[in-house]
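Colleague: I have a model open and would like to learn how to read it. Can we go feature by feature?

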Amino acid sequence: MKIYLNGKLVDKNKAHISVFDHGLLYGDGVFEGIRTYDCLVFRLKEHIDRLFKSADAIELKIPMTKIELIEAIIKTLKANKLRDAYIRLVVTRGEGDLGLDPRKCGKPTVFIITDKIVLYPSEFYQKGLEIVTATTRRNLAQALDPRIKSLNYLNNILAKIDAIKSGTEEAIMLTHDEYVSECTGDNIFIVANGELLTPPVDIGALEGITRDAVINVARRHDIPFYEKLLRMEDLYNANEVFLTGTAAEIIPVINIDERQIANGKPGKLTLRLMEELKEITKTDGVKYAL
Ligand code: PMP
């Protein structure tokens with residue numbers, strides 16, 4: 001397997017970065033998780049735009065242009081002969097000394113891993129997922145804005161540990177004032193009274209690329225859609241609940257905190273949106289040839 005590392009393609013076992021890299025020492029960096037479908041990088045421009053936004057927010061200057069990054073991704077996919085892949089694009093503050101000061105770091109480190117995709121087991125897409133509410137609250141947007149996709153994922157990892165301890169795969173994270181924000185690695189939607197609803201990202205959630213794709217589909221098909229503050233009661237009483245994410249795509253949720261959602265089966269609109277998403281993964285992105 002070839003890894004892109006600072007301008008070169010290197011073998012996986014030679015793809016090393018320094019123990020003084022501030023990405024490792026302090027989680028000082030940003031990243032993207034991207035998917036390819038049959039030689040199409042899904043919504044690649046949107047991912048690159050979000051990466052630059054995250055980098056801007058932490059005052060990290062990416063040492064490549066957007067076009068150069070896109071070219072590097074395609075080059076890595078081709079080198080590994082991957083049609084369907086998961087791409088991890090990472091930019092760290094780079095190598096510095098032991099001290100937080102980002103000015104101590106020379107050049108940012110850029111690396112790209114292209115690998116097989118890890119999804120939830122396929123039965124969950126048919127039967128639906130059981131999830132819980134995490135006891136860990138989402139980071140305050142005024143402290144570390146969850147809209148920044150940074151290497152600092154401990155907040156999410158702690159909530160993931162809550163999920164694992166409850167015997168589930170995913171957990172809902174609430175804001176400090178108990179509004180639903182998102183899950184540890186996915187955005188969340190509900191269907192209630194014929195309306196598709198999701199929390200606004202400014203309460204503390206990542207502006208998911210899949211979330212945005214679902215919203216576009218809803219608008220195109222005149223499905224009533226609103227960003228709305230949601231409480232757990234809204235989720236427990238919803239007609240449908242589903243999660244969205246690059247790795248997860250759209251996955252139905254049928255049980256939260258051991259409470260069954262509606263009839264305990266994936267909902268009609270959820271199934272329709274899953275089909276619609278499958279369609280747009282054939283066209284909405286950047287194509288490459290192997
Ligand atoms: N929320 C969080 C916290 C995430 O890490 C992710 C990505 N794994 C998402 C939502 C979904 O975003 P996207 O659709 O862009 O993958």
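Colleague: How many salt bridges does the structure hold?

Modeller: The structure holds 17 salt bridges. A salt bridge here is a side-chain nitrogen of Lys or Arg within 4 Å of a carboxyl oxygen of Asp or Glu. The general idea: side chains of opposite charge can pair when their charged atoms come close. Two ground rules first. This is a predicted model, where local features need pLDDT of at least 70, side-chain atom pairs count only at pLDDT 80 or more, and totals for chains, interfaces and linings use all residues. Residues are numbered from 1 along each chain as its sequence is written, and side-chain values use heavy atoms, with hydrogens and water left out.

Colleague: Which residue forms a salt bridge with Asp11?

Modeller: Lys2 does, with the closest N and O atoms 3.0 Å apart. Asp11 is partly exposed because its relative accessibility is 33%. Lys2 is partly exposed too, at 30%. The classes are these: buried means under 20% relative accessible area, exposed over 50%, partly exposed in between (1.4 Å probe, protein chains only). The areas come from the Shrake-Rupley method with a 1.4 Å probe, and for residues only the protein chains shown count as cover.

Colleague: Is Arg103 buried or exposed?

Modeller: Arg103 counts as exposed, because its relative accessibility is 75%. The side chain of Arg103 meets that of Asp101 in a salt bridge, 2.8 Å from N to O. Asp101 is partly exposed, at 21%.

Colleague: Which residues are linked with Arg43 in a network of salt bridges?

Modeller: Glu46, Asp212 and Asp284 are linked with Arg43 in that network. Take one pair from it. The side chains of Arg43 and Glu46 meet at 3.7 Å, N to O. Arg43 is buried, with a relative accessible area of 4%. Glu46 is partly exposed, at 28%.

Colleague: On to the ligand. How many residues surround the ligand, and which are the closest?

Modeller: 18 residues surround the ligand. A residue counts as near if one of its heavy atoms lies within 4 Å. The closest are Tyr153, Glu182, Ile209, Thr210 and Thr246.

Colleague: What lies 2.6 Å from a nitrogen atom of the ligand?

Modeller: A polar side-chain atom of Glu182. We call that a polar contact: a pair of N or O atoms within 3.5 Å; within protein, one must be able to donate a hydrogen and the other to accept it, and residues adjacent in sequence count only if both atoms are side-chain atoms. Tyr153 places a polar side-chain atom 2.4 Å from an oxygen atom of the ligand. Lys149 has a side-chain N or O atom 3.4 Å from a ligand oxygen. The ligand has 390 Å² of accessible area on its own, and the protein covers 93% of that.

Colleague: Where does Asn255 lie?

Modeller: Asn255 lies in strand S14 (residues 249-256). Helices (H or I, at least four residues) and strands (E, at least two) are DSSP runs, numbered from the N terminus. Asn255 counts as buried, because its relative accessibility is 14%. A polar atom of the Asn255 side chain lies 3.3 Å from the backbone nitrogen of Arg259.

Colleague: Now the backbone. What is phi of Asn6?

Modeller: Phi of Asn6 is near 45 degrees, a positive value in a residue other than glycine. Asn6 sits in the loop between strand S1 (2-5) and strand S2 (8-11). Asn6 counts as partly exposed, at 44% relative accessibility. Asp38 also has a phi near 45 degrees. The loop holding Asp38 runs between strand S3 (29-36) and strand S4 (40-42). Asp38 counts as exposed, at 52%.

Colleague: How far apart are Val201 and Asp145 in space, and what is their separation in sequence?

Modeller: They are 9.9 Å apart, C-alpha to C-alpha, and 56 residues apart in sequence. Val201 is in the loop between strand S11 (195-198) and helix H6 (209-220). Val201 counts as buried, at 10% relative accessibility.
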